[in-house]
Amino acid sequence: MSDGTKEIAYVKPEQWAQSAQPVQPTASAQAADQRSTAAYRTLDAAHHIHPFSDMGSLNRSGSRVIVKAHGVYLWDSDGNKMIDGMAGLWCVNVGYGRKELADAAYKQMQELPYYNTFFKTTHPPVIELSAVLAELAPAPFNHFFYCNSGSEGNDTVLRIVHQYWATQGKHSKKVVISRWNSYHGSTIAGGTLGGMGYMHEQMPSKVENIVHIDQPYFFGEAQSSQTPEEFALARARQLEAKILEIGADNVAAFIGEPFQGAGGVIFPASTYWPEIQRICRKYDILLVADEVIGGFGRTGEWFAHQYFGFEPDIITLAKGLTSGYVPMGAVGLHDRVATAIIENGEFNHGLTYSGHPVAAAVAVANLKLLRDEKIVERVKTDTGPYFQKKLRDTFASHPIVGEIAGAGLVAGLQLAEHPASRKRFANGGEVGTLCRDFCFNGNLIMRATGDRMLLSPPLVISRQEIDEIVSKAKKAIDATAQQLGML
Ligand code: PXG
């Protein structure tokens with residue numbers, strides 16, 4: 001084919017024995033790395049369905065083609081350099097281009113590219129990873145189950161919760177309580193657990209026994225007379241009301257992201273999580289913290305539940321576990337839950353790639369970087385406070401910024417029509433999209449959820465790079481305000 005699409009380096013089976021050396025790309029495969037932007041877009045539109053996208057409209061406008069990355073920067077196929085304010089999708093915690101991770105994958109692929117741990121086998125990378133996780137996680141978390149993503153992690157959570165109560169003889173404890181506007185993944189179970197109505201609408205069916213309570217979104221949902229602490233307490237007490245309505249004997253677990261990520265970086269006031277924990281303990285309900293975004297240093301603590309000061313029974317992990325270099329998810333079990341699973345016969349759940357050796361080797365290399373280079377400590381004591389202060393200094397009195405939420409290296413900026421009275425834009429999603437497009441044109445990647453602008457840069461970001469993000473965000477938010485005639 002003249003465009004080289006199908007001419008990739010291919011070793012025929014009869015040549016396998018001679019191909020012990022790494023295969024070099026052929027000239028045509030190298031050429032395929034250097035297509036023009038137009039050629040990339042044509043091929044992408046012809047064959048690729050993107051996640052969460054309106055493909056008709058995307059194919060008409062064309063995607064931005066990201067071709068390389070280093071540190072906190074990305075480059076597109078036209079040579080534009082962008083600063084990545086989102087660490088990919090909240091995942092590239094150690095930044096792009098760390099050779100240690102590539103080397104770990106390369107070495108592991110040569111030594112043992114795949115084996116499973118189903119039938120009385122195990123392997124060094126998964127053993128090593130479990131030991132490192134047990135060292136890094138809070139004391140009662142000593143056991144880990146592996147999967148490929150956060151969604152599969154939350155599917156696994158449902159299986160573990162169900163099995164746990166079965167082992168306790170409490171077979172009626174089946175209902176899992178979650179929250180509206182939470183995000184727990186895009187499989188059927190993850191999507192049902194999540195509280196995104198637009199996802200529920202497109203599901204063929206939902207997982208049974210999952211119900212939702214309201215989120216602790218102060219800016220958007222509190223009454224004008226409520227303080228953040230009062231509102232958070234009232235929202236936490238919806239859990240108690242829901243348990244009483246369903247009957248504690250029927251409720252298995254509560255699941256929540258310590259702070260909602262995709263839902264808009266919503267940070268509950270300090271009263272929220274202690275009350276949720278009190279209620280879970282009172283009614284003997286497992287407390288699950290979905291740490292897929294919050295885990296591995298985002299708030300300056302290793303896990304976001306440590307930042308909010310509560311103690312879950314189960315944690316879901318993904319993203320920062322491998323810094324996104326390869327896919328991997330995990331579920332961490334408190335000793336109490338682990339013992340019940342371990343001591344009560346077979347647990348009938350597993351995936352071909354549970355504990356994949358290459359993913360595990362990359363995860364170990366990644367966690368060692370986070371630990372040994374003191375990246376998480378730096379977020380807590382230096383770059384995190386600097387980022388939060390810089391955002392507050394820059395936006396506290398901006399005419400369309402109503403709230404600055406966050407800690408460490410994660411933040412949500414609420415765009416609002418009238419910040420003082422917490423009046424949001426009637427067409428909030430449109431304002432957020434407008435602002436996001438200004439960011440994009442200014443070579444800053446910043447995500448919009450409705451009218452909240454989100455930042456979650458790689459944890460290795462420097463103060464100077466933080467300055468660059470904040471100044472680019474300021475330009476984009478100013479441009480948005482100007483377009484709306486509010487600046
Ligand atoms: N839990 C949480 C808290 C998440 O944020 C998942 C589970 C699911 O993980 P996987 O690996 O299955 O995607 C997530 C994922 C966004 C965005 O636009 C956020 C996520 C995924 C894709 C897009 O903010 N979070």
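Lys120 sits in the loop that joins helix 5 (99-111) to helix 6 (124-136); helices here are DSSP runs of H or I with at least four residues, strands are runs of E with at least two, and both are numbered from the N terminus. The model is predicted, so local features need pLDDT of at least 70 and side-chain atom pairs count only at pLDDT 80 or more, while totals for chains, interfaces and linings use all residues. Residues are numbered from 1 along each chain as its sequence is written, and side-chain values use heavy atoms, with hydrogens and water left out.

With a relative accessible area of 87%, Lys120 is exposed; the cut-offs are under 20% for buried, over 50% for exposed and partly exposed in between, with a 1.4 Å probe and protein chains only. The phi of Lys120 is near 60°, a positive value in a residue that is not glycine. Most residues other than glycine have a negative phi. Ala87 also has a positive phi, of about 45°, and is not a glycine. Ala87 lies in helix 4 and is buried, its relative accessible area being 0%.

Leu89 is another residue of helix 4. Leu89 is exposed, because its relative accessible area is 52%. Between Leu89 and Leu133 there are 44 residues in sequence and 22 Å in space, C-alpha to C-alpha.

Helix 4 leads on to the ligand. Helix 4 (87-90) and helix 7 (150-167) each supply at least two residues of the shell around the ligand, and helix 7 gives the largest share, three residues. The ligand is surrounded by 16 residues, the closest being Trp90, Gly150, Ser151, Asp290 and Arg447; a residue is near a molecule if one of its heavy atoms lies within 4 Å of it.

Arg447 places a polar side-chain atom 2.6 Å from an oxygen atom of the ligand. For Trp90, a polar side-chain atom lies 2.8 Å from a ligand oxygen atom. Gly150 uses a backbone N or O atom, 2.9 Å from an oxygen atom of the ligand. The protein covers 84% of the 540 Å² of accessible area that the ligand has on its own, as given by the Shrake-Rupley method with a 1.4 Å probe.

By class, the shell residues are six nonpolar, six polar and four charged. Domain 1 (14-97 + 374-483) and domain 2 (101-372) each contribute at least three residues to the shell; the bounds come from an automatic or database domain assignment.

Of its 104 residues, Leu129 and Phe254 touch the most other members. Helix 15 (residues 357-372) supplies the largest share of this core, 10 residues.

Met199 belongs to helix 9 (residues 197-201). Met199 counts as buried because its relative accessibility is 10%. Met199 and Phe52 are 147 residues apart in sequence, yet their C-alpha atoms are 9.6 Å apart in space.

Technical notes. A polar contact is a pair of N or O atoms within 3.5 Å; within protein, one must be able to donate a hydrogen and the other to accept it, and residues adjacent in sequence count only if both atoms are side-chain atoms. Ala, Val, Leu, Ile, Met, Phe, Trp, Tyr, Cys and Pro count as nonpolar, Asp, Glu, Lys and Arg as charged, and the others, Gly among them, as polar. A nonpolar core is a set of buried Ala, Val, Leu, Ile, Met, Phe, Trp, Tyr and Cys residues joined through side-chain atoms within 4.5 Å.
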